[in-house]
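Q: I have a structure open and want to go through it in pieces. Can we start with the charged side chains?

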Amino acid sequence: TAALAGAEPAPDAHPGYAGLPAALYDPAARLVSMNRNGVYAALSFPTADAFAGSRLAEVADAEAAAGVVSAYNDWQLDEWSAAAPGRLVPLCVLPVWDLDRAVAEVRRVAGKGARAVSFPEMPCATGLPSFSTDHWDPLLAAVCDHDLVLCLQVARAGQLLDRPSDAPFNPFAAQEDRKSVV
């Protein structure tokens, strides 16, 4: 949208843009904010699609959802991060509901210069296979083959304390009696 490309929101734009700080949608304003706060570089997790694109798995039309993923990644690479290479670090999302598409998107964005992709920190919490299976091996191999960083946003960290049923061990055994994360 025009707002995300750096222009002021159009009068008919979503009313939610009205009260947002320009640094959330304007790369030049983001750089001013970063400079003011002593931040050299920033990697921003998307929020509208749940940090890793996993909310798009709920869209009934998988083709349309995959198109949104590609469009977001193109915007992230070609517009947002291109405004300040090396400072606004692109973080791409993947169509995690379709492993073959996710692997293809890793290859596509890596070819465009991506350095990082976002991934659900607990895929089994969204109905996807857990990390304890070999399901994700092709995706992880593609990420490694293209020297990308796999980024996990732990905003829903409370779910991390619940071990996937197929996990071979409980990595949180020491915290079993507590259900809080600092």
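Q: Which residue forms a salt bridge with K112?
A: D78 does, and the closest N and O atoms are 2.8 Å apart. D78 lies in helix 3 and K112 in the loop between helix 4 and strand 3 (116-119), so the pair ties together parts that are 34 residues apart in sequence. A salt bridge here is a side-chain nitrogen of Lys or Arg within 4 Å of a carboxyl oxygen of Asp or Glu. Helices (H or I, at least four residues) and strands (E, at least two) are DSSP runs, numbered from the N terminus.

Q: What kind of model is it, and how are residues numbered?
A: This is a predicted model, in which local features need pLDDT of at least 70 and side-chain atom pairs count only at pLDDT 80 or more, while totals for chains, interfaces and linings use all residues. Residues are numbered from 1 along each chain as its sequence is written, and side-chain values use heavy atoms, with hydrogens and water left out.

Q: Back to the pair. Are D78 and K112 buried, exposed or partly exposed?
A: D78 is partly exposed at 44% relative accessible area, and K112 is partly exposed at 35%. The cut-offs are under 20% relative accessible area for buried, over 50% for exposed and in between for partly exposed (1.4 Å probe, protein chains only).

Q: What does R108 form salt bridges with?
A: One partner is D74, with the closest N and O atoms 2.8 Å apart. R108 is in helix 4 and D74 in helix 3, so this pair also links parts 34 residues apart in sequence. Another partner is E105, where the closest N and O atoms are 2.9 Å apart. E105 and R108 are both in helix 4, three residues apart, about one turn of the helix.

Q: Which residues are linked in a network?
A: D74, D78, E105, R108 and K112 are linked in a network of salt bridges. The whole structure has six salt bridges.

Q: How do helix 3 and helix 4 pack?
A: Helix 3 (residues 62-80) and helix 4 (residues 99-111) pack at about 20 degrees, with their axes 11 Å apart. Axes are lines fitted to C-alpha atoms, for helices over the stretch in contact, and angles run from 0 to 180 degrees between N-to-C directions.

Q: New topic: what is the overall make-up?
A: The chain has five helices and four strands, in the order α-α-β-α-β-α-β-α-β. Of its 182 residues, 37% are buried.

Q: Where is D26, and what does its side chain reach?
A: D26 is in the loop between helix 1 (2-5) and helix 2 (27-36). Its side chain reaches the backbone nitrogen of A28 at 3.0 Å. D26 is buried yet has no salt bridge, and R30, the nearest side chain of opposite charge, is 9.1 Å away. For charge, Lys and Arg count as positive and Asp and Glu as negative, with His and the chain ends not counted.

Q: Last one: what is the phi of D147?
A: D147 has a positive phi of about 55 degrees although it is not a glycine. Most residues other than glycine have a negative phi. D147 sits in the loop between helix 5 (137-145) and strand 4 (149-152), and is exposed, with a relative accessible area of 55%.

Notes. Polar contact = N/O pair within 3.5 Å; in protein donor to acceptor, adjacent residues only side chain to side chain.
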